Amino acid sequence: MTLADLASFSEIIGGIAVVISLVYLAIQVRQNTISVRNSTLQSNTTLWSSLLCNLAEPGVVEAYAAGVTGSKDIKPLHYTQFFLLCRCLFAAFENQYYQFRQGALDRETYKGYERSIAQQLLAFPGFRIWWQQSRTVFSPTFVQHVDQMIRDTPMAEPDKFYVD
């Protein structure tokens, strides 16, 4: 075997090693992407569970019930609680919106969150009033998105506001 033959053989071995390395790297990137998405989903689940459990607290749920109708007769304390609750809910939603846009949340999962926001928040006048008062604190892209969701979401019937 000549030196030229040995050099050619070494190049072939080197090329095979590069291909194996690239395959290994692709597998690692795919596994990392899955891990990031799972972690993001878990974080979102924990966030929404916490928000909803806090919402169920007696004083907070009273403020929620008073605010959801958009009534001008709301007590100042309930208004403040409802305002802050809305801020928390929409900050969480904006976070999910950007996680989805960056690929950390898959489309099916995000669309489920979006349907919940539309049916359980944006369908009610109190949330729409709050949004008009507060929309300037959010990013323009998110504002456009929520504005479109409001246009696409029918207003809830008044008998859906409360369950007696």
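Helix α5 makes the largest contribution to the lining of the second largest pocket, supplying 4 residues. The model is a predicted one, in which local features need pLDDT of at least 70, side-chain atom pairs count only at pLDDT 80 or more, and totals for chains, interfaces and linings use all residues. Residues are numbered from 1 along each chain as its sequence is written, and side-chain values use heavy atoms, with hydrogens and water left out.

Helices here are DSSP runs (H or I, at least four residues), numbered from the N terminus. A pocket is an open set of points on a 1 Å grid over the protein atoms alone, where a 1.4 Å probe fits, with protein on both sides within 12 Å along at least five of seven lines; lining residues have an atom within 4 Å of a point. The second largest pocket holds about 160 Å³ of space, the volume being that filled by probe spheres set on points joined across faces, edges and corners. Besides α5, helices α2 (58–68) and α3 (76–101) each give at least two residues to this lining. Among the lining residues are Gly 67, Lys 72, Tyr 79, Phe 82, Ile 129 and Trp 130. The lining comprises 6 nonpolar, 5 polar and 1 charged residues (Ala, Val, Leu, Ile, Met, Phe, Trp, Tyr, Cys and Pro are nonpolar, Asp, Glu, Lys and Arg charged, and the others, Gly among them, polar).

Helix α5 (residues 125–134) also carries Arg 128. Leaving aside neighbours within four places in sequence, Arg 128 contacts Leu 122, Ala 123, Ile 150, Thr 153, Pro 154 and Met 155 (heavy atoms within 4.5 Å).

Elsewhere, the structure contains 2 salt bridges. One joins Lys 111 and Glu 114 at 3.0 Å, N to O; these residues lie 3 apart in helix α4 (residues 107–122), so about one helical turn separates them. Lys 111 is partly exposed at 25% relative accessible area, whereas Glu 114 is buried at 12%. The other salt bridge pairs Arg 135 with Asp 147 at 2.1 Å, N to O. This pair links distant parts of the chain, 12 residues apart, with Arg 135 in the loop between α5 and α6 (140–152) and Asp 147 in helix α6. Arg 135 is partly exposed at 24%, while Asp 147 is buried at 13%.

Notes: Salt bridge = Lys/Arg side-chain N within 4 Å of Asp/Glu carboxyl O. Buried < 20%, exposed > 50% of the residue type's maximum accessible area, 1.4 Å probe, protein only.
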